[in-house]
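Please look over the sequence and the model below before reading on. The report is meant for someone meeting this structure for the first time.

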Amino acid sequence: MKCTCAPGRASTQAQRPSGDRAGLSARAPGPAPACACAESRGGGRVARAPGSGRLRAPRAAGPPSAMPGMVLFGRRWAIASDDLVFPGVFELLLRVLWWVGILMLYLMHRGKLDCPGGVLLSSYLIVLLVLLAIIIGTVSAIVCVSMKGTICNPGPRKSMSKLLYVRLALFLPEMVWASLGAAWIADGIQCDRTVGNGIIATVVVSWLIIASTVLTILIVFDPLGGKAAPGAPLGPQPLDSRESSQLLSGLRTAATGVWETRVRLLCCCIGRDDHTRVAFSSTAELFSTYFSDTDLVPSDIAAGLALLHQQQDHARSPPEPTEVVTHSPGPFQEADLDAELENCHHYMQFAAAAYGWPLYVYRNPFTGLCRVGGDCCRCRTTDYDLVGGDQLNCHFSSILQTTGLQHRDFIHISFHDKVYELPFLVALDHRKESVVVAIRGTMSLQDILTDLSAESEPLDIECEAQDCWAHKGISQAARYVYRRLVNDGILSQAFSIAPEYRLVVVGHSLGAGAAALLALMLKSPYPQVRCYAFSPPRGLLSKSLYEYSKTFIVSLVLGKDVIPRLSVTNLEDLKRRILRVIAHCNKPKYKILLRGCWYELFGGSPEDLPTELDGGDLTQPLLGEHSLLVHGSPAYSFSSESPLESPTKYPPLYPPGRIIHLEEEGTSGRSSFVPTRMMGVLGQWCRTSGYH
């Protein structure tokens, strides 16, 4: 392996046998040179960007370097050599049963093969038994080899590529023999019917296995696994060379295009307007960038997540917090914690009502359909303005049931749902003397695309805050609601009816983020605006906007709900933790996945973690954490920066306003959060662990 190193750091690299993760790279702590290591595919340089978005810089000629993806037929695949245990065991079980069945068929009915054509059928069964025995032996060897080593110790699996070539080569005689068997049966050979049916069954099973293998190859195929630098010169190249930069730029564009195609296929039922195309591009760029500086296969990520879950459960619980951590000072604080909790309990009804009848039926599984169904087909004259999605009044009936308001209390209801355009309602709340704007959360593919448009964009609002940045997709959705409220005169109509009321904006999940940004936009024309955001996404506002929003926005978070902790920077931290736990894993991947599935389904004690992270005498893995990173790519920096940490596109973002954190007493806190659960917890007045 050839490496070019910059001064100032120390690096150790040694050659290991070829295969997946076939190299060795160990980094000592402290300064070390930034090295670019060579990789060869038939004497030329290979630079790849697999379908998961990983980018690799051009390498000079030399032995293969350490990477998880297997190399077969001169290209990399989205599968590792230790991923073949479970599919291999399944095929092995099927082949053994098949072999036993054919052997019994032959032994029990060989005396009935003295019919015309019986010699052909007898020969077919004998050859098939021999062929199956060879395949069973090969698959057994693949399973045994795949069980060896660990994620970062592929040395014991160095023979896997040769075994796979043998296994794939055996498909040719199997296909030929299955075709001959089908042809002989089609010729109408008249022998015992049981033997004929057995031959037909063997032919069908042969083609089913062949078809499943082809499907598996399509699934693990990496569209960019064989990307090469055409005509690239041999020998080490500087990482900042012009050719390398151009090649990496092209690979990054290609990876984004692959992900965009996948997103389009997944969301094929969504229209193709301008907003949708922009959302497709944003989502594809996020996915292709996330693991651009790593070299992991999907099963590595699954194993890392399983290990992290057990590690978190194994960690000591933090000390019990005081009931109220702190109160935000300032002249604009309107009420104490109890009053804010009571307001949250009240306005959560509106945030839940914005979801319409699906959530209402979910919350009331036995009586919901009866209550809503009676009003679905009833024609009524109302004063509210209904826009899209509720021709049979089902949504409106559930809204009435949830909020307890009257028909005349609603100013506007919209169930129009597109990318960057969220459903919302406007109602008069006479109990709190407020005009309530409730925005619906994630409930469709369009909403998911809005969530995944995670890059930042400037937020043009009138305030003294500097560096006003916000989540792009949620910001676009808030602008849409703002235009509807202001330009269409919806708020003017509401305040013409109740001029003394104040404006309150609420929402849950995606709707909570949009509600917070909408409150920021409405702060100037409506200085008394208040916002109650239930489970808002963490990656929403820049730090200056977060500080500014504390005076009029309250965020409510329940337990271990993931949404208020979800941001690009937190995902980046999760990636680093996955890399670390994988690099220090001392168990085979199949054991990690089996234990992880058992732990998720049935629980258990996380004491016996298959890692050495907390041990005093840490055994250095053959491939360290940084060996799973793409050292040759300009996207990777030895200062631990990442493409997702770009200050222009993905700056650190924060949740809105003051935060109230609720923990339900007597539960593990592992259940997921939905609006109905939040309403139940608020009704029980659970312990408050934070208010800041």
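What follows describes the chain as a whole and then some of its helices.

This is a predicted model, in which local features need pLDDT of at least 70 and side-chain atom pairs count only at pLDDT 80 or more, while totals for chains, interfaces and linings use all residues. Residues are numbered from 1 along each chain as its sequence is written, and side-chain values use heavy atoms, with hydrogens and water left out.

The secondary structure of the chain comes to 20 helices and 17 strands, taken as DSSP runs numbered from the N terminus (helices H or I, at least four residues; strands E, at least two). Of the 692 residues, 52% are buried, meaning under 20% relative accessible area with a 1.4 Å probe, protein chains only.

| Helix | Residues |
|---|---|
| Helix 8 | 298-314 |
| Helix 9 | 337-353 |
| Helix 12 | 394-403 |

Helix 9 and helix 12 pack at an angle of about 170°, with their axes 9 Å apart; axes are lines fitted to C-alpha atoms over the stretch in contact, and angles run from 0 to 180 degrees between N-to-C directions. The two helices, helix 9 and helix 12, are therefore roughly antiparallel, a term for angles over 145 degrees. In this contact (heavy atoms within 4.5 Å), Q349, F350, A352 and A353 of helix 9 meet I399, T402 and T403 of helix 12.

Helix 8 has 17 residues and should span 24 Å at 1.5 Å a residue, which agrees with the 25 Å between its end C-alpha atoms; the expected span is 1.5 Å times one less than the number of residues. Among the buried residues of helix 8 are D300, L307 and H309, and the buried residues of this helix pack against helix 18 (568-583) and helix 19 (589-602).

Notes:
Angles under 35 degrees count as roughly parallel, over 145 as roughly antiparallel, 65 to 115 as roughly perpendicular and the rest as oblique. Buried means under 20% relative accessible area, exposed over 50%, partly exposed in between (1.4 Å probe, protein chains only).
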